[in-house]
Amino acid sequence: MSTLDAKVITEPSGAWNAAQSLTSISTTVSTAGEDISSAHNQVASDCTSETTNAALSSLSSQRSTLDALSTNTTSLATALTAFGNSMNSIKTRLAQVVADAAALVVSGATIHSPDDTSDEKYETKKAKFDELKETLYLIRQDESSAHDTLISACDSLKSAGEWFRDKYLPTGGVGDASK
C-alpha cells in the first residue's frame, strides 16, 4: 500500500515573524545612520582640522555601512514575507488535498491508497488517489521553488543572507524539514 504525505513542512509564521523583526531592525539601523549624518553635519559645521577631517571621513564610512545594512535587512525581510506568503499558500493547498481525500483512508496528513480491489468504489478511489498524488507533486514543486527563491534572495545579500540561509534553510530537496 502506498501513501501520500501532505504534512506541512514549513510554517509561514516563522518567516513572517522573522520578517517583522528584520523590518524593525532595519528601521533602527536606518535611524542610527541618520543620527550619524546629523553628528557628521554638526562636527563639519563646528570644527576644522586634520583630526576633524579624519573623523568626518570615518562618520561618512559608518553611514554608508549602516545604509547598506539597512537596505540588505529590508531586502531580506521582503524575501521572508514573500516566502511566508508562499508557505501559507502551500499550507492551504495541502489542507485541501487532505480534505479532498475524504473518500480514502487518511491518518493525520497521510493519505493511504485504496487496497481493497473488491470494493465497488475501488476504481473511483484509485483515480482520486492518483489525482491527489499529482496535485501533491505540484504542491511540493512549488514549495521547493519557494525555498529556492528565498535561498537566491539570501545569496544576493552577502554576509547577512549567507548567515540566515546557513542557519535556517533546509539543504536537501523537496520534503526536507526546516532546520
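**The whole chain**

This is a predicted model, in which local features need pLDDT of at least 70 and side-chain atom pairs count only at pLDDT 80 or more, while totals for chains, interfaces and linings use all residues. Residues are numbered from 1 along each chain as its sequence is written, and side-chain values use heavy atoms, with hydrogens and water left out.

Display the protein as a cartoon. Four helices and three strands are present; helices (H or I, at least four residues) and strands (E, at least two) are DSSP runs, numbered from the N terminus. Their order along the sequence is β-α-α-β-β-α-α. Of the 179 residues in the protein, 27% are buried. Here buried means under 20% relative accessible area, exposed over 50%, and partly exposed in between, with a 1.4 Å probe and protein chains only. Of the contacts (heavy atoms within 4.5 Å) between residues at least 6 apart in sequence, 69% join residues at least 24 apart.

**Colouring by confidence**

Next, colour the chain by pLDDT, the predictor's confidence in each residue, from 0 to 100. The average for the protein is 88, and 88% of the residues score at least 70. Among the elements, strand β3 has the highest mean pLDDT (97), whereas helix α4 (residues 159-168) has the lowest (62). Select residues 175-179: the pLDDT there is below 50, and this stretch has 14 contacts in the model beyond near neighbours in sequence. Where pLDDT is low, the predicted coordinates should not be read in detail.

**Helix α2**

Select residues 50-100, which form helix α2. The expected span of a helix is 1.5 Å times one less than its number of residues. For the 51 residues of α2 this gives 75 Å, in agreement with the 75 Å between its end C-alpha atoms.

At the start of α2, show Ser-49 and Thr-51: a side-chain oxygen of Ser-49 lies within 3.3 Å of the backbone nitrogen of Thr-51.

Then show Arg-63 and Asp-67, whose side chains form a salt bridge (2.8 Å, N to O). A salt bridge is a side-chain nitrogen of Lys or Arg within 4 Å of a carboxyl oxygen of Asp or Glu; by this rule the count comes to seven. Arg-63 and Asp-67 both belong to α2 and are four residues apart, about one turn of the helix. Arg-63 is partly exposed at 23% relative accessibility, and Asp-67 is partly exposed at 30%.

**Strand β3**

Select residues 110-112, strand β3, and display His-112 within this strand. The side chain of His-112 makes a polar contact with the side chain of Ser-107 at 3.3 Å. A polar contact is a pair of N or O atoms within 3.5 Å; within protein, one must be able to donate a hydrogen and the other to accept it, and residues adjacent in sequence count only if both atoms are side-chain atoms. Not counting residues up to four places away in sequence, the residues touched by His-112 include Met-1, Leu-104 and Phe-129.

**Helix α3**

Select residues 122-156, helix α3. Its 35 residues should span 51 Å, and its end C-alpha atoms are 51 Å apart, which agrees. The buried residues of α3 include Tyr-122, Phe-129, Leu-136 and His-147. By contrast, Thr-124, in α3, is exposed at 59% relative accessibility. Its C-alpha atom is separated by 9.2 Å from that of Ala-103, 21 residues away along the chain.

Now show Lys-126 and Asp-130, a salt bridge whose closest N and O atoms are 3.1 Å apart. Lys-126 is partly exposed at 28% relative accessibility, and Asp-130 is partly exposed at 36%.

**The cysteines**

Finally, select Cys-47 and Cys-154. Cys-47 is partly exposed at 38% relative accessibility, whereas Cys-154 is buried at 0%. The structure holds zero disulfides, a disulfide being a pair of cysteine sulfur atoms within 2.5 Å.
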